[in-house]
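Biologist: I am new to this one and would like to learn how to read its helices. Could you walk me through them?

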Amino acid sequence: MNRRNRGSSSSSSSSRVSNTYGNRHFSDNPRAGSGGGATDSFRRRSDVVPVKRNNDKDVSDNKGEDHTDVSFIVGTCSSMCPERERVTRERLRDLAVFERLYGNPSKSSKDLAVKKFCRTLSAADVQASDVRPLPVLEETLKYLISLLDSREHPFEAVHDFIFDRTRSIRQDLSIQNLANERVVYLYEEMV
């Protein structure tokens, strides 16, 4: 008897749901949109098949589509900070205490300056010479971790510097769409 009650109540509720959408579909109300309610939005979303990424190449379930317009930058910067950024930051006196050459706020070196995180970075503005390849990112992270033992500066200053610069490392990894065991290790070290 319970099974009958459950079955009849579920069939009556499903008819109510379909009637609700049916009424909405044929509504004269201009605010109701194109009608169909959730089923139309589901159809629109399900028509778009997501592109599956497999490290270096794109694979699509849709035949005949060309996804070659998706490209990723391969970084060519050989130092921890791109030269152009370092010169600009020296001119603007935007150097952290760890990046200053002999304490001078307007001088740095290739061995001290580390690329800062830039929130407003867009793919159109990125040049390969501003992005560090994986080996440089690994060396940069080693350098940053070595600063954790610094006794000259308060922990808050060390933390803020390392947090910002590791965020920049993650940004360079993301821009290049790098994904392998070495990248996983970098993420683990940053965490």
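This is a predicted model: local features need pLDDT of at least 70, side-chain atom pairs count only at pLDDT 80 or more; totals for chains, interfaces and linings use all residues.

Biologist: Is the crossing of helix 4 and helix 6 left-handed or right-handed?

Modeller: Two packed helices are described by the angle between their axes and the distance between the axes. Here, the axes of helix 4 (residues 134-146) and helix 6 (residues 181-190) come within 11 Å and cross at roughly 20 degrees. Angles under 35 degrees count as roughly parallel, so helix 4 and helix 6 are roughly parallel to each other. Their crossing is left-handed.

Biologist: Which residues of helix 4 and helix 6 make the contact?

Modeller: Helix 4 brings Leu134, Pro135, Leu137, Glu138, Leu141 and Ile145, while helix 6 brings Arg182, Val183, Leu186, Glu189 and Met190. By class, that contact has eight nonpolar, no polar and three charged residues.

Biologist: Now to another helix. Which residues of helix 3 are buried?

Modeller: In helix 3, the buried ones are Glu85, Arg86, Arg89 and Glu90. Viewed down the axis of helix 3, they fall within an arc of 135 degrees, so they line one face of the helix. That buried set packs against helix 5 (155-175), whereas Glu83 and Arg91, on the other side of helix 3, are exposed.

Biologist: Why does Arg89 count as buried?

Modeller: Because its relative accessibility is 5%, and buried means under 20%. Beyond its neighbours within four places in sequence, the contacts of Arg89 include Asp94, Glu99 and Arg165.

Definitions and conventions:
Residues are numbered from 1 along each chain as its sequence is written. Side-chain values use heavy atoms; hydrogens and water are left out. Buried means under 20% relative accessible area, exposed over 50%, partly exposed in between (1.4 Å probe, protein chains only). Contact means heavy atoms within 4.5 Å. Helices (H or I, at least four residues) and strands (E, at least two) are DSSP runs, numbered from the N terminus. The arc is that of the directions from the helix axis to the C-beta atoms. Axes are lines fitted to C-alpha atoms, for helices over the stretch in contact, and angles run from 0 to 180 degrees between N-to-C directions. Angles under 35 degrees count as roughly parallel, over 145 as roughly antiparallel, 65 to 115 as roughly perpendicular and the rest as oblique. A crossing is left-handed if the near helix is turned anticlockwise from the far one by less than a right angle, and right-handed if clockwise. Ala, Val, Leu, Ile, Met, Phe, Trp, Tyr, Cys and Pro count as nonpolar, Asp, Glu, Lys and Arg as charged, and the others, Gly among them, as polar.
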